[in-house]
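Me: Hi! I have a structure open and would like to talk it through with you. Can we take it piece by piece?

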Amino acid sequence: MSSLPTTTFTLQGPQVTRIGLGGEGILRTFGRQAEARSVIQEALSQGITYFDTAPAYSGSQAYLGSVWSEQPQARQGIFHTSKSAERSYSGALKDLDNTLQTLGFESLDLWQIHDVRTSEEIRRIEAQDGALKAFIQAKKEGRIKHIGVTGHHDPHILLNCVQNWPLDSVLLPVNPAETLVGGFSDHVLQEARQKGMVVIGMKCLGGGQYVQPRTGVTAQKLLRYALDNGPDLIIAGCSWPQEVQELVSAGQSGPLEDSERGELEAAFEPNASRLAFYRGTR
C-alpha cells in the first residue's frame, strides 16, 4: 500500500488522503462493471481513502456499492461522499435513500448539494420545502456526518452558498485557468477558509482536456499544481488503473518548482477564459 499524505476533514473529523477517487472517468458509465471495479480496486490497493460519487454520475454509485457489498471490510477507514442535485426537500431525501441503498450504507460521511449555478436555484434550495432543510435534517438524524456544496459554474453563486449555509466543505475547480481567471480559487476558497470549511479541488485536469504532454502540460504536473494551490484535497476521475497510479504518484511527489508553476500558467494564459469551459455566463 502506498503512503499518501493525509489531512483532517474538519477539526473533529477523520484523517483522509489528500487525493480522492472522483466519480467521473470510467465510473461515469453504465455496463462497464469489470473496468470500473478495477479502478476502484486499484484505488483501494494504493491506499486512497476518499471516494466521491453522485446520482448524476451514471452507474458510479452502483459500481462502488458492488465492491463494498463483496468487501465490507474495505469500507472501514473509507471516507465516502455523494451528492444530490435535487432542489426540493422531498427530492433530496429520496436521493439520499437511493444513494444509501445503492451503496449499502446506513450513513454517508459527506453529502453535498450538487452543482449550484443560479440565484433561482439558491432560492429553491433555501425555501421552506427546499433541499437545504433535508440536508440539515439528515445530519441531525445521523444519516450523514457532514454537509457540503459543489459548484463550478459561477464563483459569485458558490460564494453566496459558502457565506450563508451551514456547510462543512466546498468542492470547487482548481487549475491554472482558475488561477488566472480568478473567483473560485481565491475569493470562494478564502471565504471557506475563514469559516473553517474543508476545501476540495476538482477540474484539475479539465476532464483530461488540459493534458498535452508534447507541450509539457502533463497530468502529473496539473495534479501537483492543484494540490499546492490551496485545497485540502483534490479528486480526479480515472478510467484505468494506471491513471489511479498516476494520481497517487502526484500525491506523493510534493509541490512543483516555481519555474514549473510559471510554465504551466504561461501555457494557459492566452486562453484562460476559454479553458475554464465548465463555467457559465452571467
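Reply: Happy to. One term before we start: the expected span of a helix is 1.5 Å times one less than its number of residues. Keep in mind that this is a predicted model.

Me: Good. How many residues does helix H1 have, and how far does H1 reach?

Reply: Helix H1 covers residues 33–45, which is 13 residues. From the first C-alpha to the last, H1 reaches 18 Å, close to the 18 Å expected at 1.5 Å a residue.

Me: Which residues of H1 are buried?

Reply: The buried ones are Ala36, Arg37, Val39, Ile40, Glu42, Ala43 and Leu44.

Me: And what covers them?

Reply: The cover includes strands E3 (19–25), E4 (50–51) and E10 (233–238), along with helices H2 (60–70) and H10 (241–253). Just after H1 comes Gly47, with a positive phi of about 90 degrees.

Me: Switching topic. Which residues have the most contacts inside the largest nonpolar core?

Reply: Those are Phe51, Trp68 and Trp165, in a core of 78 residues. Helix H9 (residues 219–227) gives the largest share of this core, six residues. There is also a second, separate core of eleven residues, with Phe9, Val16, Phe79 and Ile235 among them.

Me: What does Trp68 touch?

Reply: Not counting residues up to four places away in sequence, Trp68 touches Leu44, Phe51, Ala74, Arg75, Ile78, His80, Leu103 and Phe105. Leu44 is also one of the buried residues of H1.

Me: Nice link. Now helix H5: which residues are buried there?

Reply: In H5 (residues 131–140), the buried residues are Ala131, Leu132, Ala134, Phe135 and Ala138. Looking down the axis of H5, they fall within an arc of 160 degrees, so they line one face of the helix.

Me: Why can residues a few places apart end up pointing the same way?

Reply: An α-helix has 3.6 residues a turn, so residues three or four places apart point the same way.

Me: And what do the buried residues of H5 pack against?

Reply: Strands E5 (79–84), E6 (110–113) and E7, plus helices H3 (89–103) and H4 (119–126). H5 is then followed by Gly142, whose phi is positive, near 85 degrees.

Me: You mentioned E7. Is Thr150 in that strand buried or exposed?

Reply: Thr150 is in E7 (residues 147–150), and it is buried, because its relative accessible area is 2% and buried means under 20%. A polar atom of the Thr150 side chain lies 2.7 Å from the backbone nitrogen of Asp115. Beyond four places in sequence, Thr150 touches Lys83, Gln112, Ile113, His114, Asp115, Val116, Leu158 and Leu171.

Me: On to charges. How many salt bridges are there?

Reply: The count comes to 15 salt bridges. One of them joins Glu121 and Arg87, with the closest N and O atoms 3.0 Å apart. Glu121 lies in helix H4 and Arg87 in the loop between E5 and H3, so the pair ties together parts that are 34 residues apart in sequence. Both Glu121 and Arg87 are buried.

Me: What does Asp109 pair with?

Reply: Asp109 forms a salt bridge with Lys145, and their closest N and O atoms are 3.8 Å apart. The two are 36 residues apart, with Asp109 in the loop between H3 and E6 and Lys145 in the loop between H5 and E7. Asp109 is buried at 9% relative accessible area, whereas Lys145 is partly exposed at 42%. Arg75 joins Asp109 and Lys145 in a network of salt bridges.

Me: Last one: where do Arg261 and Glu265 lie?

Reply: Both lie in helix H11 (residues 258–268), four residues apart, which is about one turn of the helix. Arg261 is buried, with a relative accessible area of 17%.

Technical notes:
Residues numbered from 1 in each chain as written. Predicted model: local features only at pLDDT ≥ 70, side-chain atom pairs only at ≥ 80, totals over all residues. Heavy atoms only, no water. Core = buried A, V, L, I, M, F, W, Y, C linked by side-chain atoms within 4.5 Å. Buried < 20%, exposed > 50% of the residue type's maximum accessible area, 1.4 Å probe, protein only. Contact = heavy atoms within 4.5 Å. Polar contact = N/O pair within 3.5 Å; in protein donor to acceptor, adjacent residues only side chain to side chain. Arc of directions from axis to C-beta. Salt bridge = Lys/Arg side-chain N within 4 Å of Asp/Glu carboxyl O.
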